[in-house]
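The following exercises ask the reader to work through a single protein chain. Each task is followed by a solution in steps.

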Amino acid sequence: MKRIAITGAACNLGGLLAQHLKEMEVQLHLLIHHKNVPESLRHRENFALFPIDLARNETLYEALDGVNVVFAWSRNRPLYVQYER
């Protein structure tokens, strides 16, 4: 099963992407900072929440462990990174 990390999962773009992917056969790592994800994204078997701070690299290690794809948002522009192992 692919693992996908989404930064800003509690915000507009990241939250919409998580909602879209929630029924697919993927493991989602939802990376959050100040806000929590909506109730509809909590308590799902294929979701894991990770409180992170992008200014502190050590908060990313567990969140990105085993991840194949990262969707990151910067000033409302998506950054897509795919890792091949």
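**Exercise 1.** Does arginine 56 count as buried, partly exposed or exposed, and at what relative accessibility?

*Solution.* The model is a predicted one. Buried means under 20% relative accessible area and exposed means over 50%. Arginine 56 has a relative accessibility of 42%, so this residue counts as partly exposed.

**Exercise 2.** Identify the partner of arginine 56 in a salt bridge, and state how many salt bridges the structure holds.

*Solution.* Step one: the side chain of arginine 56 meets that of glutamate 58 in a salt bridge, at 3.0 Å from N to O. Step two: glutamate 58 has 45% relative accessibility and therefore counts as partly exposed. Step three: the structure holds one salt bridge.

**Exercise 3.** Determine how the buried residues of helix α1 are arranged around its axis.

*Solution.* Step one: helix α1 spans residues 12-21, and its buried residues are Gly14, Gly15, Leu17, Ala18 and Leu21. Step two: viewed down the axis of α1, these buried residues fall within an arc of 160°, so they line one face of the helix. Step three: on the other side of α1, the residues Asn12, Leu16 and His20 are exposed.

**Exercise 4.** Which elements each supply at least two residues of the largest nonpolar core?

*Solution.* Step one: this core has 16 residues, of which Ile4, Ile6, Leu28, Leu30 and Val37 touch the most other members. Step two: at least two core residues come from each of β1 (2-7), α1, β2 (26-32) and β4 (69-74). Step three: β2 gives the largest share, four residues. Step four: leucine 30 may be taken as an example; beyond its neighbours within four places in sequence, its contacts include Ile6, Ala18, Val37 and Phe50. Step five: a second, separate core has nine residues, among them Ala5, Phe50, Val67 and Ala72.

**Exercise 5.** Is asparagine 46 buried or exposed, and which backbone oxygen does its side chain reach?

*Solution.* Step one: asparagine 46 lies in the loop between β2 and β3 (47-51). Step two: its relative accessible area is 13%, so asparagine 46 is buried. Step three: its side chain reaches the backbone oxygen of valine 26 at 3.2 Å. Step four: its contacts beyond four places in sequence are Lys22, Met24, Val26, Gln27 and Leu28.

Terms used. Residues numbered from 1 in each chain as written. Predicted model: local features only at pLDDT ≥ 70, side-chain atom pairs only at ≥ 80, totals over all residues. Heavy atoms only, no water. Buried < 20%, exposed > 50% of the residue type's maximum accessible area, 1.4 Å probe, protein only. Arc of directions from axis to C-beta. Core = buried A, V, L, I, M, F, W, Y, C linked by side-chain atoms within 4.5 Å. Contact = heavy atoms within 4.5 Å. Salt bridge = Lys/Arg side-chain N within 4 Å of Asp/Glu carboxyl O. Polar contact = N/O pair within 3.5 Å; in protein donor to acceptor, adjacent residues only side chain to side chain.
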